[in-house]
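Subject: Structure handover

Hello,

Here is the structure we talked about handing over. My notes on it follow below the entry.

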Amino acid sequence: MGLIENGTRAQMRTGSKLARMKQKAAHLPIYVPAASAIARESAFQGTILVERLPRLVESLTSPDGTLDVELQLGSEMARPPFLRGHVRGNLRLQCQRCLEDFSWPLDAKVDLRLVENEADESRWLQDYEPYLLEDDRLPLHAIVEDEVLLALPLSPRCPTCERAEPLSIDAAGTA
Ligand SMILES: [Zn+2]
């Protein structure tokens, strides 16, 4: 027990349940063994440096920053195992109106169902967001990167431009 230095605010907020299972401020593993992690209903908490996610970096104006990730595996009767959690952080985006670079607060939910073949993938597609496992590696970084890419705004606006021009539909003039 005692004070652990270097805990980030996000991790302190998470409470003890997840923190107990992983060291504070740990880097999130790139891969974990899928079958055993599912069987143990493992929880993962840690950080990923934005610069380690090349597909994401392509959409940003700067590779600086860190993502705080919490993920929980679990199973339910007659359904594929789930992977749920959150990804939080601040990303540098370019405002599409004034072209200035600004800090965008990311708070993305992860809620996936892990399936092992394409038949199951299409079977569960209607009710869930299936994730097809290609082998016994659960690629945590790649999954987080996918979810963050999906969460990015299509047309980013900095807070100033959002206030200045909340709705620009009438400017288009459809006549
Ligand atoms: Zn702007």
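**Overall picture**

Among contacts in the chain between residues at least 6 apart in sequence, 55% join residues at least 24 apart. Please keep in mind that this is a predicted model. The secondary structure comes to eight helices and seven strands. Of the 175 residues in the chain, 24% are buried.

**The sheet**

Five strands form an open sheet with mixed pairing, in the order S2-S3-S4-S5-S6. The edges are taken by S2 and strand S6 (130–132); each has a single partner strand, so one side of each is left without a neighbour in the sheet. From one strand to the next, the twist averages 35°.

S3 and S4 run antiparallel and are joined by seven bridges.

H6 has 12 residues and reaches 17 Å from its first C-alpha to its last, close to the 16 Å expected at 1.5 Å a residue.

Which residues of H6 are buried? They are Leu140, Val144, Glu145, Glu147 and Val148. These residues cover an arc of only 170° around the axis, which puts them on the same side of H6. As background, an α-helix has 3.6 residues a turn, so residues three or four places apart point the same way. Note that two glutamates, Glu145 and Glu147, are in the buried set.

Isoleucine 143 is also in helix H6, but it counts as partly exposed, because it has 19 C-beta neighbours inside 10 Å and the cut-off for buried is 20 or more. The C-alpha atoms of isoleucine 143 and tyrosine 131, 12 residues apart along the chain, are separated by 8.7 Å.

**The nonpolar core**

The largest nonpolar core has 28 residues, of which Val69, Leu83, Val87 and Val144 touch the most other members. At least two residues of this core come from each of helix H3 (34–39), strand S2 (43–49), strand S3 (66–74), strand S4 (82–94), strand S5 (101–115) and helix H6 (140–151). S4 supplies the largest share, five residues. In soluble globular proteins, nonpolar side chains tend to be buried together.

For leucine 83, residues up to four places away in sequence set aside, the residues touched are Leu71, Leu73, Val110, Leu112, Leu114 and Tyr131.

**Loops**

Two loop residues other than glycine have a positive phi. Glutamate 41 is found in the loop between H3 and S2, with phi near 50°. Glutamate 41 counts as exposed because it has 12 C-beta neighbours inside 10 Å, and 12 or fewer is the cut-off for that class. Alanine 78 is found in the loop between S3 and S4, with phi near 60°. Alanine 78 is exposed as well, with 5 other C-beta atoms within 10 Å.

Proline 156 lies in the loop between H6 and helix H7 (159–164). What is proline 156 in contact with, leaving aside its neighbours within four places in sequence? The contacts are Leu93, Gln94, Cys95, Gln96 and Trp104. Proline 156 is partly exposed, because 19 other C-beta atoms lie within 10 Å and a buried residue needs 20 or more.

Regards

Key: Residues numbered from 1 in each chain as written. Predicted model: local features only at pLDDT ≥ 70, side-chain atom pairs only at ≥ 80, totals over all residues. Helix = DSSP H or I, 4+ residues; strand = E, 2+ residues; numbered from the N terminus. Contact = placed C-beta atoms within 7 Å. Core = buried A, V, L, I, M, F, W, Y, C linked by C-beta atoms within 7 Å. Pairing = 2+ DSSP bridges. Axes fitted to C-alpha atoms, helices over the stretch in contact; angles between N-to-C directions. Expected span 1.5 Å × (residues − 1). Arc of directions from axis to C-beta.
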